[in-house]
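User: I would like to go through the terms used for this model and see what each one rests on. Please set the value against the cut-off each time.

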Amino acid sequence: NVVLQKNVQMNLNIKSDRGQIQRLLSILMDNANQYVSENGTIEVALQQSNKMLVFVISNTADNLRQLQLDKIFDRFYRGDDARTQKNGGSGIGLSSALAIVQAQKGQITAQTQDYEKIIFTIKLPIE
């Protein structure tokens with residue numbers, strides 16, 4: 001009962017490690033799928049802005065008030081122990097995502113919208 005919305009600009013190219021980019025997208029999509037609220041929404045957007053590829057993935061989620069955004073990319077940080085135990089996971093996915101983005105000379109940020117949605121924004125240089 002999850003709605004997937006996408007807004008993807010076609011024919012975008014970047015020079016990067018294809019395997020690492022696939023791993024990054026897999027981590028973020030898995031994270032969204034794992035923590036989306038019941039009857040929630042996952043949104044995916046991909047576009048070019050100036051000389052950056054901008055990838056945004058967001059999902060509705062429960063318990064975002066207790067999430068510490070300043071620690072979300074820390075290795076082994078898990079924002080909701082009870083829920084994480086139920087869903088599994090080792091707490092290293094987002095720290096791996098950060099490492100991949102940094103290796104590609106990009107940026108990744110996380111923010112919440114009204115504590116109902118978490119939004120990850122990844123910016124990678126096109127050249």
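Analyst: Glu 43 and Lys 117 form a salt bridge, with 2.7 Å between the closest N and O atoms. This is a predicted model, in which local features need pLDDT of at least 70 and side-chain atom pairs count only at pLDDT 80 or more, while totals for chains, interfaces and linings use all residues. Residues are numbered from 1 along each chain as its sequence is written, and side-chain values use heavy atoms, with hydrogens and water left out.

User: Why is the pair of Glu 43 and Lys 117 called a salt bridge?

Analyst: The term asks for a side-chain nitrogen of Lys or Arg within 4 Å of a carboxyl oxygen of Asp or Glu. Glu 43 and Lys 117 have their closest N and O atoms 2.7 Å apart, so the pair qualifies. The count by this rule is one salt bridge.

User: Which parts does the pair tie together?

Analyst: Glu 43 belongs to strand β2 and Lys 117 to strand β5, so the bridge joins parts 74 residues apart in sequence. Strands (E, at least two residues) and helices (H or I, at least four) are DSSP runs, numbered from the N terminus.

User: Are Glu 43 and Lys 117 buried or exposed?

Analyst: Buried means under 20% relative accessible area, exposed over 50%, and partly exposed in between (1.4 Å probe, protein chains only). Glu 43 has 26% and is therefore partly exposed, whereas Lys 117 has 17% and is therefore buried.

User: What makes the rings of Phe 73 and Phe 120 an edge-to-face pair?

Analyst: Rings of Phe, Tyr and Trp (its six-membered ring) pair if their centres lie within 6.5 Å; planes under 30 degrees apart are stacked, over 60 edge-to-face, and the rest tilted. The centres of Phe 73 and Phe 120 are 6.2 Å apart and their planes are at 75 degrees, so the pair is edge-to-face. By this rule there is one aromatic pair. The partners are 47 residues apart, with Phe 73 in the loop between β3 and α2 (81-87) and Phe 120 in strand β5.

User: How do you know whether Phe 73 and Phe 120 are buried or exposed?

Analyst: Phe 73 has a relative accessible area of 14%, so it is buried. For Phe 120 the value is 2%, so Phe 120 is buried too.

User: What is Phe 120 in contact with, neighbours within four places in sequence left aside?

Analyst: Contact means heavy atoms within 4.5 Å. By that rule the partners of Phe 120 include Leu 28, Asn 31, Phe 55, Ile 57, Ile 72, Phe 73 and Leu 94.

User: What makes a set of residues a nonpolar core, and how many residues has the largest one here?

Analyst: The members are buried Ala, Val, Leu, Ile, Met, Phe, Trp, Tyr and Cys residues joined through side-chain atoms within 4.5 Å. The largest such core has 28 residues, and Leu 28, Ile 57, Ile 72, Phe 120 and Ile 122 have the most contacts inside it. Two or more residues each come from α1 (18-35), β2 (41-49), β3 (52-60), α3 (93-103), β4 (107-113) and β5 (117-125). α1 gives the largest share, five residues.

User: Why are the buried residues of α1 said to be on the same side?

Analyst: In α1 the buried residues are Ile 21, Leu 24, Ile 27, Leu 28, Asn 31, Ala 32 and Tyr 35. They cover an arc of only 125 degrees around the axis (taken from the directions from the helix axis to the C-beta atoms), which puts them on the same side of α1. Arg 18 and Asn 33, on the other side, are exposed.

User: How does the reach of α1 compare with what is expected?

Analyst: The expected span is 1.5 Å times one less than the number of residues. α1 has 18 residues and reaches 26 Å from its first C-alpha to its last, close to the 26 Å expected.

User: Is Asn 59 buried or exposed?

Analyst: Asn 59 has a relative accessible area of 2%, so it is buried. Asn 59 lies in strand β3, and its contacts beyond four places in sequence include Ala 32, Tyr 35, Lys 117 and Ile 118.

User: And is Lys 15 buried or exposed?

Analyst: At 72%, Lys 15 is exposed. Lys 15 sits in the loop between β1 (3-8) and α1. Its C-alpha is 6.4 Å from that of Ile 126, 111 residues away along the chain.
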